[in-house]
Amino acid sequence: MRNDLPDSLIFDMDGTLWDAVETYTLSWNLFFERHQMDKRLKKIELDALMGLEESQFLEKVLPGFSKTDRTDRYKEVVQIQYDLIDKIGGNIYKGVLEYLPQLRKRYRLFIISNCPEHTIEHFMKFAGIDNLIIDSISHGQNYKPKHENIRILIDKHHLKAPVYIGDTASDREQSAKANLPFIFVNYGFGQCDSYHKRFNSFTELAKFYLE
């Protein structure tokens, strides 16, 4: 292994490992329908909100509600989301299922995402990768920003040379705050002009780290 390669890979989830925004959108619209609310969302609207922390996300989706009301309603939406992920999942990016097992042989693999508490667990179960991911932290578990959760994983697992892999400029900012190299994948939901390395597909990323 080249001496410039990391010892561990910390992945973002949405926009990096899969796209489940159709499922998230359906979750919201089922909630609106259930409560006879005159509101519907389109996937393109949620695409633009991917990666936001919960409070910022809910301000955009439920602008007419108080913070407490947003949180209460979101709990129901999230339960619908979990059920739908188990049933229909999302679009796992090409190369993820093929190459994660190979990457696991060389690197310690982790996931950190700004998603609800158990979404990563439901994603891993749907994808069948539970045995490949050593640990994960979601924003919904502790409501901490990504850079703090990255440091928690680093300290907990004594990581020496990790990198964070994500798809947005926000991911880059959080990586910088955690003092990690940022690996940008440009097939997700965001744009980024500053990064340590950039890849056009998960397959391209995996082949680089397997060389």
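## Lys 75 and the basis of the model

Lys 75 counts as exposed because its relative accessibility is 53%, where exposed means over 50% relative accessible area, buried means under 20%, and partly exposed covers what lies in between (1.4 Å probe, protein chains only). This residue lies in helix 4, and its C-alpha atom is separated by 25 Å from that of His 147, which is 72 residues apart from Lys 75 along the chain. Helices (H or I, at least four residues) and strands (E, at least two) are DSSP runs, numbered from the N terminus.

The model is predicted, so local features need pLDDT of at least 70 and side-chain atom pairs count only at pLDDT 80 or more, while totals for chains, interfaces and linings use all residues. Residues are numbered from 1 along each chain as its sequence is written, and side-chain values use heavy atoms, with hydrogens and water left out.

## The buried face of helix 3

Helix 3, which spans residues 54-61, has Glu 54, Phe 57, Leu 58 and Val 61 as its buried residues. Seen down the helix axis, these buried residues fall within an arc of 95°, so they line one face of helix 3; the arc is that of the directions from the helix axis to the C-beta atoms. An α-helix has 3.6 residues a turn, so residues three or four places apart point the same way. The cover over the buried residues of helix 3 includes helix 1 (21-34), helix 2 (43-47), helix 4 (67-88) and helix 7 (139-142).

What does Glu 54 touch, not counting residues up to four places away in sequence? Its contacts (heavy atoms within 4.5 Å) are Thr 71, Tyr 74, His 139 and Tyr 143. Although Glu 54 is buried, it has no salt bridge, and the nearest side chain of opposite charge, that of Lys 75, is 8.3 Å away. For charge, Lys and Arg count as positive and Asp and Glu as negative, while His and the chain ends are not counted.

## Salt bridges

A salt bridge is a side-chain nitrogen of Lys or Arg within 4 Å of a carboxyl oxygen of Asp or Glu, and by this rule the count comes to eight salt bridges. In one of them, Asp 12 pairs with Lys 146, with the closest N and O atoms 3.1 Å apart. This pair links distant parts of the chain, 134 residues apart, since Asp 12 is in the loop between strand 1 (8-11) and strand 2 (18-19), and Lys 146 is in helix 8 (residues 146-157). Asp 12 is buried, with a relative accessible area of 4%, and Lys 146 is buried at 2% relative accessibility.

Lys 146 also forms a salt bridge with Asp 171, where the closest N and O atoms are 2.6 Å apart. Asp 171 lies in helix 9 (residues 169-177) and Lys 146 in helix 8, so this pair ties together parts that are 25 residues apart in sequence. Salt bridges that share partners join Asp 12, Lys 146 and Asp 171 into one network.

## Nonpolar cores

A nonpolar core is a set of buried Ala, Val, Leu, Ile, Met, Phe, Trp, Tyr and Cys residues joined through side-chain atoms within 4.5 Å. The largest such core has 57 residues, of which Phe 11, Trp 28, Leu 103, Phe 202 and Tyr 209 touch the most other members. Helix 4 gives the largest share of this core, seven residues. Apart from it lies another core, of 14 residues, among them Phe 110, Ile 112, Ile 137 and Ile 150.
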